[in-house]
Amino acid sequence: MDSSSTTTYALPPTDQQDPLEPEFEPPNTRGSVDEQIYDRPSIWRQLWGVRNVLIVLLTPMILLPLPLAADDPKTQCAYVILVMAVFWITEAVPIAATSLIPIFLFPMMGLLSARTVSATYLNDTSVLFLGGLIVAVAIETWNLHKRIAVGVLMLVGAEPRWLMAGLMAVTWFLSMWISNTATTAMMIPIVQAVLQQLKTSGHGNQAQSQLDMGEGNDCFQMEMTPTGDDAKTPVDDVTKVDVASNGTKPVGAAPEQHSRSARTKADHEEEAKHLRMCKAMSLSICYAANIGGIASLTGTGPNLVLKGQSDIIFTDNNATSPITFSTWLVYGLPLSVIVLVILWIWMQIYFLRCRGFCGCFSGGVNNDASKRVKGVIREEFRKLGPVSFAQWCIIICFGILVVLWITRDFGEVPGWGEIFRPNFVSDSTPAMFIGFLLFVCPANVPNVFCLRKPEDKTKPKIRPILRWQDVHEKMPWSLYLILGAGYSLARASQDSGLSEWLGGKLAVFSHLDPYLMLLILCYIVAFATEVTSNTAIATLMMPIMAQLAVNLNVNPLFFMFPTALATSFAFMLPVATPPNAIVFSYGQVRVIDMVTCGFLMNVLSVPVIILATATWGNAFFNFDTLPSGFLQLTTPLSDLNTSTPLPLLLNGSG
């Protein structure tokens, strides 16, 4: 616009202006420009908007002097790991896309051949995960997980603490076999329906809660219709009657006002109580899903990272990894149950205000609330209908798979795998066998003997239990890339000598008690996984933990097993795990609620891992003994003189 041009504003006459309207003023051109400058995003906002681009461009450039300064395989491998760690933590690039970096960067740097890197992306552990998830997809496709959940809830009743226990138990069990995210997404709507009925029925201040929630519900309006003097009689009417009859000061106004004040206070207390219950029920779902993942080998990604990398490390040292599906249950299942019980008790103390242990098991429940909650659960169960033929087939296949997994190898006692085909079959064998059967078994009973009418030219269609479209839509394909990247990083770290170098640097902590060191490492991992992918951090930590254990002359699993499980204890932030994010998206849980409640769960869960490692874990896996094949000293962990520096121990061993 030309600076010499002016704009003329015609003001309305004063006598014709509406007195209720503000006086019309022409806009200030100078002020308008200032406002536009003020509304323009600041330089920091603009940088924040392009932060992902800056991270992708600057991170490799900033770290580039590392491989250039020292032409050594260790520094080159460290460069790749650091770049991927930054990308994984910031998620500047999708996590699955970051997992593709080793495929082209390791061959270009001469660390691993392209054939070796590509082979790590689909190994026996990945196939095991694929078979397990195929069964999980079948369970989800035919709503078998929902039938299990609703069936259990019909047994636990409507008492909040036992209802919470039932919800947690179902979520925990399902997350052992299917995706934690799918389990949470299925359970949260059920929880919301139950919570709505608890609020409508009104634990505590039942009358007012029914009055508040009774709009649109005829049964509530009939129950709470006022009678006698309270029936549709305003306070003013009561006042007029009293004045007319007595001619004195109105009576009834002050008591009515006091009653309304008390009722309002009771409403707030009841609303706060219900909100605490909502938070407790919702958080218990996502937390139970995270805890259930550590109970079985196929429960979550870090478990398979541990399995795959332990196979690599033990094989390279002419040893056999003791981790199988059955041996994992020995260590992970009791640990998971203990943490789940701690969670249940803590939720009652923090949200339900249960101060005494005896109070957790006493107290009655409102009959109306119990009936309504059970009615909702029965209605959900009725909608599922009878158990279909496909669901029976899945139940049978799932049961067979679990039995084959458990009985294949008992550790010290040979299972069917060692008896029939020793050194040939693994846990992936029955997983893929059952997964294949689900694509073959029909979803309904083929009625081939049914006589059709002559004019009926249609052919009977037999649908299999699983179609490839079902697997394609529900399978988390990106997880295989993350697992493959972890295996390739482990291979490159070992071949380049980086793991050994890092383990030697960590030997400065050798004067600490090994269990104290393990406690510190588990806390570091548990809190670090709050802001990054648990699978990614497990991938980065496993090679380092293995070499540290070997340098301390203990079983590599002594550090690998607990730290891998600690990555699943992500209780504090919504971004920590997808289940946390799903619960947070419903708006009933604030970040501060998750932080304060989850912090104590992080603090309490790690000592349970140490307890499991020192007791039944050590008794079964011999954590304090280095397996044969690892070229280190053979002194048990309990006999180590922690006051003697590690180099002297190594030099003095003979």
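What follows covers the cavities, then the helix pair.

This is a predicted model, where local features need pLDDT of at least 70, side-chain atom pairs count only at pLDDT 80 or more, and totals for chains, interfaces and linings use all residues. Residues are numbered from 1 along each chain as its sequence is written, and side-chain values use heavy atoms, with hydrogens and water left out.

Start with the cavities (sets of points on a 1 Å grid over the protein atoms alone where a 1.4 Å probe fits but cannot get out). There are two of 30 Å³ or more. Helix 20 has the largest share, three residues. By class, the lining has five nonpolar residues, two polar and no charged, where Ala, Val, Leu, Ile, Met, Phe, Trp, Tyr, Cys and Pro count as nonpolar, Asp, Glu, Lys and Arg as charged, and the others, Gly among them, as polar.

Now hop to helix 26 (residues 514-528) and helix 27 (residues 534-551), whose axes come within 12 Å and cross at roughly 170 degrees. Axes are lines fitted to C-alpha atoms over the stretch in contact, with angles from 0 to 180 degrees between N-to-C directions. Helix 26 and helix 27 are therefore roughly antiparallel (over 145 degrees). In contact terms (heavy atoms within 4.5 Å), M517, L521, V525 and A528 of helix 26 meet I537, M541, M545 and L548 of helix 27. That contact has eight nonpolar residues, no polar and no charged.

Key. On a 1 Å grid over the protein atoms alone, a cavity is a set of points where a 1.4 Å probe fits but cannot get out, and a pocket is an open set with protein on both sides within 12 Å along at least five of seven lines; lining residues have an atom within 4 Å of a point. Grid points are joined across faces, edges and corners, and a volume is the space filled by probe spheres set on the points. Helices (H or I, at least four residues) and strands (E, at least two) are DSSP runs, numbered from the N terminus. Angles under 35 degrees count as roughly parallel, over 145 as roughly antiparallel, 65 to 115 as roughly perpendicular and the rest as oblique.
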